[in-house]
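Student: Could you give me a close look at one strand, and then at what lies around it? I'd like the whole thing as one connected story.

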Amino acid sequence: MARIGVADFGMFAWYGGFYDYDERLFSIRKIGYDGLERLYPDSAEDALRKAAQLKKLGMGFATCNAATPENAIKWTAALGGDYVWGEVYHGSFADYLRRMEQMGLACRKYGIRVALHNHLGSPVETQEQLETVLEKCPHVDLLLDTGHLAVAGGDVRYIVDTYYDRIAAYHLKGWQQSATPDAQAWQQRGHFCGLEQGDFPIDNEYVFKNSLNRGFGGWIFVEQDTHQWDPLLDMEENYHVLEKWGWKK
């Protein structure tokens with residue numbers, strides 16, 4: 001059964017930081033979410049404490065941040081996470097492919113996955129670039145960001161249907177276009193928003209229903225990057241949208 005969580009970049013942006021881990025857990029759990037995407041530990045001891053608190057609340061996480069990739073892999077694996085982000089952006093695209101595959105091989109030794117996160121302005125923003133990574137790097141899986149792919153002109157439905165077995169997790173979000181939707185800098189074209197708040201067509205409902213119908217057992221994260229008011233109001237609204245699309249505990 002899928003788990004529904006929060007990728008909380010937008011909450012960081014709204015509040016200006018992360019001040020109380022336990023309070024954030026309590027607040028999203030009250031809405032109905034199963035966890036946060038990332039642990040942000042200061043040390044191995046702190047990672048253990050935070051993972052234990054999640055367990056105590058009946059919640060979970062997907063990945064663990066750390067100062068080094070090796071620690072991120074080891075802590076994620078030891079504490080029951082699913083994947084680490086493949087953040088190896090320096091060098092040429094050929095360098096990127098080689099390093100991602102090596103990171104994928106390292107993760108497999110620990111029973112977890114490395115996840116490519118497609119993102120505007122990164123080495124992997126277009127559908128062509130995304131498919132090239134999946135073709136050239138057989139040990140790399142996909143953290144599919146529906147919003148970033150759709151805004152880059154990609155076919156979200158095609159990717160979901162074609163590469164379902166390579167999907168480690170999902171980021172679902174909406175997109176509100178600005179007055180300059182063709183601007184060179186993607187941040188000036190609009191902003192990412194709630195699931196039903198934007199004016200740009202993104203197949204989030206199809207992606208969500210498809211994952212439920214196929215028995216997806218990983219994480220589906222709501223990631224609202226921009227908030228105009230209390231983020232918890234947005235996250236509650238987003239959760240109700242998922243319920244409208246068929247989500248039931």
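Tutor: Two strands pair if DSSP finds at least two bridges between them; the strands (E, at least two residues) and helices (H or I, at least four) are DSSP runs, numbered from the N terminus. Before we go in, this is a predicted model, where local features need pLDDT of at least 70, side-chain atom pairs count only at pLDDT 80 or more, and totals for chains, interfaces and linings use all residues. Residues are numbered from 1 along each chain as its sequence is written, and side-chain values use heavy atoms, with hydrogens and water left out.

Let's go for S11, residues 219-222. Trp219 and Phe221 point one way from S11, while Ile220 and Val222 point the other way.

Now for the neighbours of S11. One is S1 (residues 3-6), which runs parallel to S11 and is joined to it by four bridges; arginine 3 has tryptophan 219 as its bridge partner there. Another is S8 (residues 167-172), again parallel and again with four bridges to S11, and here leucine 172 is partnered with valine 222.

Zoom out and you get an open sheet of seven strands with parallel pairing, in the order S2-S1-S11-S8-S7-S6-S5. S2 (35-36) and S5 (83-85) are at the edges with a single partner strand each, so one side of each has no neighbour in the sheet. For S2, two bridges link it to S1, in parallel, and one of the pairs is glycine 5 with glycine 35 in S2.

Asparagine 238 has contacts (heavy atoms within 4.5 Å) with Val222, Tyr33, Gly194, Leu195 and Gln224, leaving aside its neighbours within four places in sequence. Where does asparagine 238 sit? It belongs to helix H10, and its relative accessibility is 0%, so it counts as buried.

H10 (residues 231-244) also packs against H2 (residues 21-31): their axes come within 9 Å and cross at roughly 35° (lines fitted to C-alpha atoms over the stretch in contact, with angles from 0 to 180 degrees between N-to-C directions). From H2, Ser27, Ile28 and Ile31 meet Leu232, Met235, Glu236 and Tyr239 of H10.

Further along the sheet, S6 and S7 bring in another helix, H6 (residues 127-136). S6 (113-117) and S7 (140-145) are among the elements that cover the buried residues of H6, along with helices H5 (93-109), H7 (146-151) and H8 (156-162). Which residues of H6 are buried? They are Gln127, Leu130, Glu131, Val133 and Leu134. These span an arc of only 155° around the axis, so they lie on the same side of H6 (the arc is taken over directions from the helix axis to the C-beta atoms). Glu128, Glu135 and Lys136 are exposed on the other side of H6.

One last stop is cysteine 137. It is buried, at 0% relative accessibility, and its sulfur is 13 Å from the closest cysteine sulfur, that of cysteine 107, which is too far for a bond (a disulfide is a pair of cysteine sulfur atoms within 2.5 Å). By that rule, the disulfide count is zero. Cysteine 64 isn't in one either, with the sulfur of cysteine 107 as its nearest at 12 Å; cysteine 64 is buried too, at 2% relative accessible area.

Key
Buried < 20%, exposed > 50% of the residue type's maximum accessible area, 1.4 Å probe, protein only.
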